[in-house]
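Trainee: I'm new to this one and would like a close look at a single part. Could you pick a strand, walk me through its surroundings, and then show me how helices meet elsewhere?

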Amino acid sequence: MNPLPQSSVRGSRHLVASADQLASRAGDAIFAAGGNAVDAAIATNAAIAVTGPHLCGMGGDLFALVHTGDDVVALNSSGRAGSGADADAIRADGHAVMPFHHDIRSVTVPGCVDGWVALHERFGSLPLADVLAPAIDLAERGFPASPLLVGSTARLDQAGREQLHELAAQATRTGAPVRRPGAARALRAIVEHGRDGFYGGEFGDGLLALGNGWYSPDDLASSSADWVDPLTASMFGVDVHTIGPNSQGYLTLAGGVAAEPLDLPDPDDERWAHLLIEAAKLAGYDRTQVLHEHADGDALVEAVRQRRHLLDTERASTYHAPASAGDTTYLCTAEADGLAVSLIQSNASGFGCWLAESNTGINLHNRGLGFSLEAGHPAELGPGRRPPHTLSPALATRGGELVSVFGTMGGDAQPQILLQVAARLFLHGQSPAEAINSARWALAGPETGFDTWSDLDHQRVEVEGHAPDGWEPGLVARGHRVSRLPEYDSGFGHAHAIVRDDNGLSGAADPRCRIGATIGR
C-alpha cells in the first residue's frame with residue numbers, strides 16, 4: 001500500500017524531522033529535556049544509526065550545517081583513505097573502478113562519530129550521556145524492524161548475511177524485535193571516553209584487524225571532523241548554503257544558478273520539469289572530471305553560471321548528469337528562536353560494503369567507491385585522501401535569517417531532488433508538506449546505482465507515479481527518455497524540510513520512507 005501524503009507539522013518551540021519515527025522521538029525527547037537543536041540532531045542520528053543500519057550508522061560519514069542565529073557554519077566529517085591505500089594494487093587485481101561490495105579497500109575511516117563529538121563540543125548543551133541515552137536504550141532493549149530494514153536485509157547475498165549475521169538473524173519480518181548489543185557498547189564507550197572510546201576501542205581494534213595493513217593506528221587517532229566555510233549561492237529569492245568539495249553540494253547551487261534566469265511555470269506544467277532537468281544536467285554533466293577534495297566549489301558554481309546560455313529551453317540536451325541511487329539518511333532540527341541543523345549521514349550503498357566490524361557488529365560504509373582508479377585523476381585513490389561524496393545537506397537564509405533546513409537521501413540524485421524542493425518552497429511558496437509530497441523526477445543510470453559515470457548513454461528520466469498527467473508525454477515530446485515509477489517511490493529520495501517564518505516553525509517528513517515523522521511542540 002502506498003503511503004498517504006502528510007500535512008505540515010507546526011511547532012512554536014522546536015521541530016525534528018527524520019526518516020524514522022523512533023529517531024524523531026529521540027530528538028524530541030532531548031528537546032523536552034532542555035537540549036538544543038544540535039543535541040537533538042545528534043540524538044536523532046544516533047537513534048537511526050541503531051534502527052536504520054541499512055541507511056546510516058557509526059560505520060559511515062557525516063556532513064552538517066548549523067545556523068547559529070548569527071551565521072551558518074559547516075562540518076565536513078567524511079573519512080579519509082587509510083595509510084595503506086594503493087590504487088596500483090587495486091588496478092593490478094583487475095579493477096577499473098573501486099570495488100563495490102565485500103572489499104575493505106572501499107572503506108574510508110568512518111567519520112560519523114567524529115562528527116557527533118565535534119558538534120557536541122562546539123554547540124552541545126546537555127551531557128553526551130543524556131544525548132546518546134535514547135539510542136543506547138534502543139540498542140539494548142530492542143526496536144521493531146522496519147519494512148525497509150527487512151527488505152534491505154533480504155537483498156544481502158550469502159557472504160553479506162554471514163558478515164551482518166546479527167541483523168540478518170533478527171530482521172526477518174516487519175515488527176520483529178532487533179537488539180544490537182555491540183552498537184550499545186560502542187555508544188557507551190563514546191559516552192565514557194569520547195572519540196577514543198570508539199576509534200581506540202573495540203571498533204577501532206576490529207577495523208585495524210579487518211584492514212590488515214590498509215589502516216594504521218595513526219589513521220584512527222586523527223579526527224575526520226573539519227569545520228569549513230559553507231558554499232553559498234543565491235537562488236529563488238534566498239541564499240542556499242551547502243558543503244563544498246569533496247561534497248557534490250555545489251550541484252544543488254549550480255542547478256539553481258542555471259535555473260535562476262528562467263521563467264519557471266507552475267510545477268504542474270511539464271515545462272517546469274523539463275527546465276529543471278536541463279538545469280541539473282548542465283550543472284552536473286562534468287562532475288566526474290571536476291569533483292575532488294581540493295576543487296574550488298565557488299569556481300565550479302561560477303563555471304555553470306558562465307555556460308547557462310547553453311541550456312536548451314525546448315529540447316532535451318545530450319548532456320549527461322550524474323544519476324545513481326544511494327542509501328543515506330537526512331534529518332533536520334530547529335528551534336523557533338535558536339539553533340537549526342541540517343545533517344546528513346550515510347553508509348553510501350545500503351549496508352555499505354556488506355562487511356561488519358566483528359567486535360561490535362557495526363556495518364561499514366563503502367564511501368571509497370567515489371574514488372577514481374584512473375591514474376593521475378585528481379580524485380584518484382591515495383593514502384589520506386577523501387573521495388568525492390554524494391552527501392549534500394542544504395540550509396536557506398534570507399538576509400542572514402534562517403528560512404529553512406532541508407535535504408534528502410538519493411545518491412547522485414540528491415541535488416536534483418533538492419533543486420525541485422527548493423523551487424517549490426522558495427519560488428512557488430509551497431508549504432513543507434506540499435513541497436515534500438509532490439511528485440519528482442530523477443535522472444537514473446545503470447543498475448548498481450554508482451556506475452552511472454561509466455555508462456552515460458543509458459541515462460533516462462524517471463517520473464514518479466503521481467506526477468501531473470502532462471509530465472510524461474510532454475517530456476517524451478521534448479526528446480527525453482522517460483520511465484514511470486510507482487507513486488511515493490523511495491527511489492526518489494527521503495526528503496525532509498523545516499521552515500521558519502513569522503508564525504514559528506513548520507515541517508514535513510517524506511512519506512516515501514514509510515516510517516518517517518516530524519515531531520515538535
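Mentor: Let's start with β12 and strand β13 (residues 401-408), which pair in the antiparallel sense over five bridges; two strands count as paired if DSSP finds at least two bridges between them. Helices (H or I, at least four residues) and strands (E, at least two) are DSSP runs, numbered from the N terminus. Keep in mind that this is a predicted model, where local features need pLDDT of at least 70 and side-chain atom pairs count only at pLDDT 80 or more, while totals for chains, interfaces and linings use all residues. Residues are numbered from 1 along each chain as its sequence is written, and side-chain values use heavy atoms, leaving out hydrogens and water.

Back to the strands. Look for R398, which stands opposite E401 in β13. The two strands form a hairpin with two residues between them, and G399 takes a positive phi near 60 degrees there.

β12 has another partner too: strand β9 (residues 238-242) pairs with β12 in the antiparallel sense, over three bridges. In that pairing, H241 sits opposite L395 of β12. As for cover, β12 spans residues 394-398, and four of its five residues are buried (under 20% relative accessible area with a 1.4 Å probe, protein chains only; over 50% is exposed, and in between is partly exposed).

Now for the helices. Helix α5 (residues 128-141) and helix α9 (residues 181-193) have axes that come within 8 Å and cross at roughly 170 degrees. The axes are lines fitted to C-alpha atoms over the stretch in contact, and angles run from 0 to 180 degrees between N-to-C directions. That's why α5 and α9 are called roughly antiparallel (over 145 degrees; under 35 is roughly parallel, 65 to 115 roughly perpendicular, and the rest oblique).

Who does the touching? From α5 come L128, A129, L132, A135, I136, A139 and E140, and from α9 come P181, A184, L187, R188, I190 and V191, with contact meaning heavy atoms within 4.5 Å. By class, this contact has eleven nonpolar, no polar and two charged residues.

For another pair, take helix α14 (residues 270-284) and helix α17 (residues 414-427): their axes come within 10 Å and cross at roughly 135 degrees. So α14 and α17 are oblique to each other. W272, L276, A279 and A280 of α14 make this contact with Q416, L419, Q420, A423 and R424 of α17.

How values were computed: Ala, Val, Leu, Ile, Met, Phe, Trp, Tyr, Cys and Pro count as nonpolar, Asp, Glu, Lys and Arg as charged, and the others, Gly among them, as polar.
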